[in-house]
Amino acid sequence: MKVLLVGYGCMGSALATPWSKDDLIELMVVSPHCPQLPNFVCDVKLLADNYRPDAIIFAVKPQLLSKVAPYYAKFVTEHTVVVSVAAGFSLQRLRQLIGGCLVRAMPNLPIVIGQGVIGLYADKISTVQRYCIDLLFGSAGTTTWTASEQLIDAITAISGSGPAYFYYFTECLREAGEHLGLSPDIASMVAQQTFIGTAALLNEKQDQTVEELRQQVTSPNGTTAAALSVFEQEGLKERVKIAVHAAFKRAQELSQ
Ligand SMILES: NC(=O)c1ccc[n+]([C@@H]2O[C@H](COP(=O)([O-])OP(=O)(O)OC[C@H]3O[C@@H](n4cnc5c(N)ncnc54)[C@H](OP(=O)(O)O)[C@@H]3O)[C@@H](O)[C@H]2O)c1
């Protein structure tokens, strides 16, 4: 499969890492300051006019996509799959710039270690094309196809922004630890290692739900139960819903 990747920044390089190791993928990358390797070029003008990739993946900033995409229109046939990972860039806008079978992808930061979540949406795509795109992105994380483009904004609000929520909660725990008298260094280490260990444990115990794992740490009338009941009383679940809805609304506004 011939894959042309446009943009080799945080997302682009994370996607290119598994693709460049796959013998079934013939990867070509275009990015201004890319490594000096045979399959990397710094300018679209260096691609042969008769180059016909099976898929073009745009991993440039959303504000650059309108400028960049039209330069690639000449490589596109009706069978080419064109994927954009640009946040808040609708397929309708992309369709005005380039042809092909269009796909919107919403990866998240953990794709840099192959543990991301990638939301995908396509309105018109064949089963074979869908399978190939699923395999491509599946090498960078767990893929999920949404039934509507609007649900890509929901994926953005949960997994796209999600890593920041978990980091923020870790910051909150660190501050709470300091408030209880731990030194900043110890509070930071304890909060971070708890986050890392808890995620690793969840990953190991995939036969158990998060609720079951939480219950294992929560003895009746114990310390964890005391904290969790405060979270409940303070309406943390509702507040999380309100915050995530704000992210969802913002994603919708950006897609206009
Ligand atoms: N980062 C995230 O967590 C995340 C999550 C979901 C979606 N996204 C989306 O992913 C896209 C890329 O984000 P990013 O974080 O990877 O940004 P980034 O690190 O800034 O990468 C953008 C890349 O595009 C390159 N570029 C600039 N002009 C170009 C051109 N004319 N032709 C080809 N490449 C060009 C840049 O090269 P130079 O740096 O050399 O100029 C850079 O390598 C964005 O649209 C963003 O919305 C990001």
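The legends below describe an overall view and several close-up views of a predicted model.

**Figure 1. Overall view of the predicted chain.** The secondary structure comprises 10 helices and eight strands. Along the principal axes, the C-alpha atoms occupy a box of roughly 70 × 35 × 35 Å. Of the 256 residues in the chain, 28% are buried. Among contacts with a separation of 6 or more, 59% are between residues 24 or more positions apart.

**Figure 2. Close-up of the shell around the ligand.** The ligand is surrounded by 25 residues, and the closest of these are Gly7, Gly9, Met11, Ala86 and Ala87. Two helices, α1 (10-20) and α2 (62-68), each contribute at least two residues to the shell. Divided by class, the shell contains 17 nonpolar, seven polar and one charged residues.

Figure 3. Leaving aside residues up to four places away in sequence, valine 6 touches Val30, Ile56, Ile57, Phe58, Ala59, Val60, Val68 and Tyr72. Serine 84 is 78 residues apart from valine 6 along the chain, and the C-alpha atoms of the two are separated by 9.6 Å.

**Figure 4. Close-up of helix α5 and the elements that cover it.** Helix α5 consists of residues 150-160 and is mostly covered, with eight of its 11 residues buried. The buried positions in α5 are Ile152, Asp153, Ala154, Ile155, Thr156, Ala157, Ser159 and Gly160.

**Figure 5. Close-up of the crossing of α5 and α10.** Two packed helices are described by the angle between their axes and the distance between the axes. The axes of α5 and α10 cross at roughly 135 degrees and come within 8 Å. The two helices are therefore oblique to each other. The crossing in which α5 passes α10 is right-handed. On the α5 side, the contact is made by Asp153, Ala154, Thr156, Ala157 and Ile158, and on the α10 side by Val244, Ala247, Phe248, Ala251, Gln252 and Ser255. Residues in the contact of α5 with α10 comprise seven nonpolar, three polar and one charged.

**Figure 6. Close-up of the packing of α6 and α7.** Helix α7 runs over residues 184-204 and packs with α6 at an angle of about 140 degrees, the axes being 8 Å apart. Helices α6 and α7 are therefore oblique to each other. A right-handed crossing is formed where α6 passes α7. From α6, the residues Phe166, Thr170, Leu173, Arg174, Gly177 and Glu178 meet Pro184, Ala187, Ser188, Val190, Ala191, Gln192 and Phe195 of α7. By class, the contact of α6 with α7 consists of seven nonpolar, four polar and two charged residues.

Definitions and conventions. Residues are numbered from 1 along each chain as its sequence is written. This is a predicted model: local features need pLDDT of at least 70, side-chain atom pairs count only at pLDDT 80 or more; totals for chains, interfaces and linings use all residues. A residue is near a molecule or strand if its C-beta atom, placed from the backbone, lies within 6 Å of it. Helices (H or I, at least four residues) and strands (E, at least two) are DSSP runs, numbered from the N terminus. Ala, Val, Leu, Ile, Met, Phe, Trp, Tyr, Cys and Pro count as nonpolar, Asp, Glu, Lys and Arg as charged, and the others, Gly among them, as polar. A residue is buried if 20 or more other C-beta atoms lie within 10 Å of its own, exposed if 12 or fewer, and partly exposed in between; C-beta atoms are placed from the backbone. Two residues are in contact if their C-beta atoms, placed from the backbone, lie within 7 Å. Axes are lines fitted to C-alpha atoms, for helices over the stretch in contact, and angles run from 0 to 180 degrees between N-to-C directions. Angles under 35 degrees count as roughly parallel, over 145 as roughly antiparallel, 65 to 115 as roughly perpendicular and the rest as oblique. A crossing is left-handed if the near helix is turned anticlockwise from the far one by less than a right angle, and right-handed if clockwise.
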